[in-house]
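The following note sets out several points on helix packing and on selected residues. Please read each point alongside the coordinates.

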Amino acid sequence: ELKAFRVPVLILSGGEPLYQLDFAWAVLRLAKIEGLHTCVDTSGCMGFDALDRVREMVDLFLFDVKDTNAARHLAHTGLAAEPILAGLRRLHAAGARIRIRVPIVPGCTDFDDNAEGLARLLAQLPKIEAVELMPYHPLGLGKLERLGLERRIAPEIGPPSRERLAWWAKTLAGAGVRIVGGS
């Protein structure tokens, strides 16, 4: 009789968990000593040196790619896209297991040139484990209101259509990568 096999998992996420690099490194080190599967959910904004410092202790990186269009990426995140994408390329070249996560937000990241740019990038990264499409949903708006934080997405913005998500999946699958999520 086969029984379900479960491995304890430690996921560091945030914000950006590598902002606290020394702490992240220490937690990951202890997790590996305890035999835990480790995962880091990152935007890559801390650069390759931070990624490389923890790489040996991370079983899987969940790496967000928000936009491949440099001007939009800078406008929406306040950060340049190319250093982040360069870090992704170097992490891939170093042999790390990576799953790309792509937020699909109408009017923000949901543009043809973003998907096509990501497909070109993925064609250069053949060992990417999968791409997870993450359609926008308004579930966090109540929390913003409770915290008195500014809403940065227009009220009329809703989730992308099923047809649009199918188009993203088809576009990215053309790069030979497995697509997950999106529904």
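1. H1 and H2 are roughly parallel to each other, a term for angles under 35 degrees, with over 145 counted as roughly antiparallel, 65 to 115 as roughly perpendicular and the rest as oblique. This is a predicted model, in which local features need pLDDT of at least 70 and side-chain atom pairs count only at pLDDT 80 or more, while totals for chains, interfaces and linings use all residues. Residues are numbered from 1 along each chain as its sequence is written, and side-chain values use heavy atoms, with hydrogens and water left out.

2. Helix H1 (residues 21-33) packs against H2 at an angle of about 20 degrees, and their axes are 9 Å apart. Axes are lines fitted to C-alpha atoms, for helices over the stretch in contact, and angles run from 0 to 180 degrees between N-to-C directions. Helices (H or I, at least four residues) and strands (E, at least two) are DSSP runs, numbered from the N terminus.

3. Leu21, Asp22, Trp25 and Leu28 of H1 form the contact with Ala50, Arg53 and Val54 of H2, where contact means heavy atoms within 4.5 Å. By class, this contact has five nonpolar, no polar and two charged residues. The classes are nonpolar (Ala, Val, Leu, Ile, Met, Phe, Trp, Tyr, Cys and Pro), charged (Asp, Glu, Lys and Arg) and polar (the others, Gly among them).

4. Helix H2 (residues 48-55) also packs with helix H4 (residues 81-93), at an angle of about 30 degrees and with axes 9 Å apart. H2 and H4 are therefore roughly parallel to each other. On the H2 side, Phe48, Leu51 and Arg55 meet Gly87, Arg90 and Leu91 in H4. By class, the contact of H2 with H4 has three nonpolar, one polar and two charged residues.

5. Phenylalanine 48 lies in helix H2. Phenylalanine 48 counts as buried because its relative accessibility is 12%; buried means under 20% relative accessible area, exposed over 50%, and partly exposed in between (1.4 Å probe, protein chains only). Apart from neighbours within four places in sequence, phenylalanine 48 is in contact with Gly87, Arg90 and Leu91.

6. Threonine 171 is found in helix H7 (residues 162-173) and, at 18% relative accessibility, counts as buried. A polar atom of the threonine 171 side chain lies 2.9 Å from the backbone oxygen of tryptophan 167. Not counting residues up to four places away in sequence, threonine 171 touches Ala115, Glu116 and Ala119.

How values were computed:
A polar contact is a pair of N or O atoms within 3.5 Å; within protein, one must be able to donate a hydrogen and the other to accept it, and residues adjacent in sequence count only if both atoms are side-chain atoms.
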